[in-house]
Amino acid sequence: MPATSIRRLFRAWPGLVLSCGVPSLVPIVLTSGALSFAATAFEVSGSPHAPGAPQSPRESDDFARWKGRPATVDQLDEAFGEAVSAAITAWAPWAEEHGYVAHVEERGRVVLFLASDARGESKDLALVTKTCDVVEALVRYEPRPAEGRDGAEDPRDAPWVLTPAVMIHARDDAEYGTALEHAATLEPSLASWVPFGKGLTGFTLVKPLASGWAVKAKGRVEWDPENEVVHRLTSLLVLRRFGEVPYWLLAGVSWYVEVKQCKDVYCFPYRNEFVWATEHTSWPTALKQLFKDGRAEFLAGLVGWKRGTFDADRGKEAWGLARFIAELDEQRRVADLRDRSKRGEAPAGGALGAILADLAELRRTAGVRHFDDGRWELIVGWEPSVEQQREILARHLGDDFEARAVASFRGKPAKTNRSEQGKGAEQRR
């Protein structure tokens, strides 16, 4: 299939991501044979309504709200292509039945469904835009040069960038449950997972690319809506850009952005136990305690952390490693900013984005099964090995990254291995 056709396909099917997971508990297999179905999955009939018949959501003058005003399908399609209106259309039956309004982030990166009687949507959208900007800067990476690629795009630049993330602020547990049920109508393989998902405090799905939670959840005491937005949106944006990546890294980056923006931790995916008040702000101290005995290795434990589970120690290590990489990137950007500014170039990409891109590329190459007739499918449950992940991390951080990361866990500033930094930069170029 030509690249242009694939891009049209991704615009037409919201949340289509070449990965196998809905947070890994429900396997999704996307084969090349499924592409023809995907292209028409959300096609809307062009036949006119009979006179006097009610308008479909796509024909309404108030299809969604964008920049604080009603927006039509034509307006959104002109601004963003068909991806945004397709995502809204996919969720429109649920939104209409339960009284929700689609609010489009100013650059079309997110569609936020809020109850029609909710207040403060401008504040919610401002937080969404800020988080989008933070995450995009955090995971920016240097494209590989055109030389040696015969003019082709960097294979790590995946076409699902155009798909907007959907976020749902459900009024209560009941409507949270109906949102999950609707997600299963968009992706039938979710059906068996929905009962489990209803017992969680929130969900984040790869396909459809969506996240949601109940604003008023029964029995919930320790919770902050701003933290929930920042953490879950960060996860969605990473999935949107790179597809399914190792869970420890997805969680670590999400907690890093949550702490950076909110100064504490209130989002604990898959945790169903009491949270002590001190846990929200004690992560730096707790991480030090984990390594006070001189332990110098941790990557194997992170790689072994199973999707769909909560592990307090592994969570802190994942956050600590994401923080270590982000701090190294910040040091490099500051050192490089002056030269790039003089040359009129964009800010440099960092190691975090390059690591995510390389892991995503590995998923799409090594984690695929090919058939003699030309078909292919992603291998359900495939994960890169400890050795593969270590090689990618060392490529961008230096061979001794684990020891330097542990030093940062113990409270020392993140330090760059200068000889390996140059080597990694050359590999990125």
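This is a predicted model: local features need pLDDT of at least 70, side-chain atom pairs count only at pLDDT 80 or more; totals for chains, interfaces and linings use all residues.
Q: How are two packed helices described?
A: By the angle between their axes and the distance between the axes. Here the axes of α4 (residues 83–98) and α6 (residues 173–186) come within 9 Å and cross at roughly 155 degrees. That makes α4 roughly antiparallel to α6 (angles over 145 degrees count as such).

Q: Which residues of α4 and α6 meet?
A: A90, W91, P93, W94 and H98 in α4 meet E175, T178, A179, H182, A183 and L186 in α6, contact being heavy atoms within 4.5 Å.

Q: How do I read aromatic pairs?
A: Rings of Phe, Tyr and Trp (its six-membered ring) pair if their centres lie within 6.5 Å; planes under 30 degrees apart are stacked, over 60 edge-to-face, and the rest tilted. By this rule there are 19 aromatic pairs. W193 and F196 make a tilted one, 6.3 Å centre to centre with 55 degrees between the planes. W255 and W305 have ring centres 6.4 Å apart and planes at 5 degrees, so that pair is stacked.

Q: Is W255 buried or exposed?
A: Buried, at 1% relative accessibility (buried means under 20% relative accessible area, exposed over 50%, partly exposed in between, with a 1.4 Å probe and protein chains only). W305 is buried too, at 7%.

Key
Residues are numbered from 1 along each chain as its sequence is written. Side-chain values use heavy atoms; hydrogens and water are left out. Axes are lines fitted to C-alpha atoms, for helices over the stretch in contact, and angles run from 0 to 180 degrees between N-to-C directions. Helices (H or I, at least four residues) and strands (E, at least two) are DSSP runs, numbered from the N terminus. Angles under 35 degrees count as roughly parallel, over 145 as roughly antiparallel, 65 to 115 as roughly perpendicular and the rest as oblique.
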